[in-house]
Amino acid sequence: MAAETGYSGPSIRTLWAIAKSPQLSMTDEDLHAVVYRETGKESMRKLTRGEITRLARILQNMKDGTRPGSRNRRTDQGGNPRTVQQRRKIYALCGELGWNGDPRRIHGFVRRVTGVDRLEWLGPAQCEAVIEGLKAMVKRKEEGKA
């Protein structure tokens with residue numbers, strides 16, 4: 001069978017290139033959190049072609065939305081390493097609530113529950129409080145449909 005010629009769309013390598021660009025400077029955990037938030041998959045190898053294309057578009061939009069030099073002033077730099085799994089759970093619950101399209105919703109919720117402005121700055125106990133609040137919201141949403 002002859003090898004295909006031409007462009008076949010973005011690849012996992014493309015996702016890494018966009019994530020590691022100077023505008024985003026994402027850590028490995030940040031990229032995996034975005035992948036999990038958008039697809040619910042923990043392994044990038046399990047992504048379908050369509051999911052890779054959608055993630056490339058999302059990452060490119062994130063990259064285009066940054067101001068030059070703004071990334072260097074950030075103080076979260078990947079967040080608390082002790083809360084990576086908890087933040088992934090938070091992103092999954094946000095998906096169930098339909099909040100993935102607007103990060104202001106989760107940041108507002110985090111601010112209201114913990115008094116902390118950024119999800120990445122939370123400690124383990126604060127993450128647990130956010131998770132429990134989101135679980136209660138998901139449960140109320142499901143009960144409303146039943």
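K41 counts as partly exposed, with a relative accessibility of 23%; here buried means under 20% relative accessible area, exposed means over 50%, and partly exposed lies in between (1.4 Å probe, protein chains only). The model is predicted, so local features need pLDDT of at least 70 and side-chain atom pairs count only at pLDDT 80 or more, whereas totals for chains, interfaces and linings use all residues. Residues are numbered from 1 along each chain as its sequence is written, and side-chain values use heavy atoms, with hydrogens and water left out.

**View 1. The salt bridge between K41 and E51.** The side chains of K41 and E51 form a salt bridge, with N and O 2.8 Å apart; the term denotes a side-chain nitrogen of Lys or Arg within 4 Å of a carboxyl oxygen of Asp or Glu. K41 is in the loop between helix 2 (28-39) and helix 3 (49-64), while E51 belongs to helix 3, so the pair ties together parts that are ten residues apart in sequence. Helices (H or I, at least four residues) and strands (E, at least two) are DSSP runs, numbered from the N terminus. E51 is buried, at 15% relative accessible area.

**View 2. Further salt bridges.** The structure holds eight salt bridges. Side chains of opposite charge can pair when their charged atoms come close. One of these bridges joins K135 to E132, with the closest N and O atoms 3.5 Å apart. Both residues lie in helix 6 (residues 124-145), three residues apart, or about one turn of the helix. K135 is partly exposed at 37% relative accessibility, and E132 is partly exposed with a relative accessible area of 39%. Elsewhere, R37, E38 and R54 are linked in a network of salt bridges.

**View 3. Helix 2 and its surroundings.** Helix 2 has twelve residues and spans 16 Å from its first C-alpha to its last, close to the 16 Å expected at 1.5 Å a residue; the expected span is 1.5 Å times one less than the number of residues. Nine of its twelve residues are buried, so helix 2 is largely enclosed by the rest of the structure. The buried residues include L31, V34, Y36, R37 and E38. Their cover includes helix 1 (12-19), helix 3 and helix 4 (84-97). After helix 2 comes G40, which has a positive phi near 80°.

View 4. H107 lies in helix 5 and is buried, with a relative accessible area of 18%. Apart from neighbours within four places in sequence, H107 is in contact (heavy atoms within 4.5 Å) with D117, R118, L119 and E120. Two of these residues, R118 and E120, form a salt bridge whose closest N and O atoms are 3.0 Å apart. E120 is buried at 10% relative accessibility, whereas R118 is partly exposed at 24% relative accessible area.

**View 5. The nonpolar cores.** A nonpolar core is a set of buried Ala, Val, Leu, Ile, Met, Phe, Trp, Tyr and Cys residues joined through side-chain atoms within 4.5 Å. The largest core has 18 residues, and those with the most contacts inside it are I90, W99, I106, L122, V130 and L134. Helix 4, helix 5 (103-114) and helix 6 are the elements that give two or more residues to this core. Apart from it lies another core of 14 residues, among them L15, V34, V35 and I52. In soluble globular proteins, nonpolar side chains tend to be buried together.
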